[in-house]
Amino acid sequence: MYECPNCNGNLKFDISSEQLFCAHCESRLDPYSVQKEPDTLDEDCFEVNVFRCPQCGGEMISGDTDVTSFCSYCGSANILTGRIGKERRPRFIIPFQKTKEDCKKAYARKLGKAFFVPKELLCLMTSGTGRSLLPHS
């Protein structure tokens with residue numbers, strides 16, 4: 001779009017007068033006198049994101065906001081999993097400081113003080129069978 005130098009409105013070409021016409025300020029301009037800056041920069045290099053197709057190994061070029069893409073070589077639809085979410089690595093790992101036996105004793109003390117404890121919980125603690133949610137040493 002060409003902008004009017006007087007009011008920055010849109011200039012349209014009027015066929016009958018063979019001039020550019022501004023509907024806002026009603027000015028008429030010679031089309032050869034109006035200079036326009038280019039809309040895009042012509043460069044040899046541009047930044048793209050390149051992913052590898054898991055089906056055929058071809059390169060898939062995607063934009064900055066694409067999460068899915070079609071491979072132009074094999075036509076398969078692919079989800080760009082690197083774009084969906086990123087997880088941070090933990091800075092450090094905290095090891096268990098209590099053994100399984102220490103946890104069982106603390107759990108038994110809590111159950112001993114509680115009223116209305118289900119029988120299933122008491123049986124699991126005394127028999128030692130079933131799944132355990134306590135840490136293993």
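Predicted model: local features only at pLDDT ≥ 70, side-chain atom pairs only at ≥ 80, totals over all residues.
Begin with the cysteines, and select Cys 7, Cys 22 and Cys 25. A disulfide is a covalent bond between the sulfur atoms of two cysteines, yet a search of the whole structure finds zero of them. The sulfur of Cys 22 lies 3.4 Å from its closest cysteine sulfur, which belongs to Cys 7, and this is too far for a bond, because a disulfide requires the two sulfur atoms to be within 2.5 Å. For Cys 25 the closest cysteine sulfur is that of Cys 22, at 3.6 Å, which is again too far for a bond.

Next, turn to the charged side chains, where two salt bridges are counted. Select Asp 14 and Arg 28, whose closest N and O atoms are 3.2 Å apart. This pair links distant parts of the chain, since Asp 14 sits in strand E2 (residues 10–14) and Arg 28 in strand E4 (residues 28–29), 14 residues apart. Asp 14 is partly exposed at 24% relative accessibility, and Arg 28 is partly exposed at 43%.

Then select Arg 52 and Glu 59, which form a salt bridge with their closest N and O atoms 3.9 Å apart. Here Arg 52 is exposed at 54%, while Glu 59 is partly exposed at 42%.

Finally, select Val 48, Val 50 and Ile 61, which together make a nonpolar surface patch of about 250 Å². Ile 61 belongs to strand E6 (residues 59–62) and is exposed, with a relative accessible area of 56%.

Terms used. Residues numbered from 1 in each chain as written. Heavy atoms only, no water. Patch = residues over 30% accessible without salt bridge, like charges linked within 9 Å, V, L, I, M, F, W, Y side chains within 5 Å. Areas by Shrake-Rupley, 256 points an atom, 1.4 Å probe, with all protein chains shown as cover. Salt bridge = Lys/Arg side-chain N within 4 Å of Asp/Glu carboxyl O. Helix = DSSP H or I, 4+ residues; strand = E, 2+ residues; numbered from the N terminus. Buried < 20%, exposed > 50% of the residue type's maximum accessible area, 1.4 Å probe, protein only.
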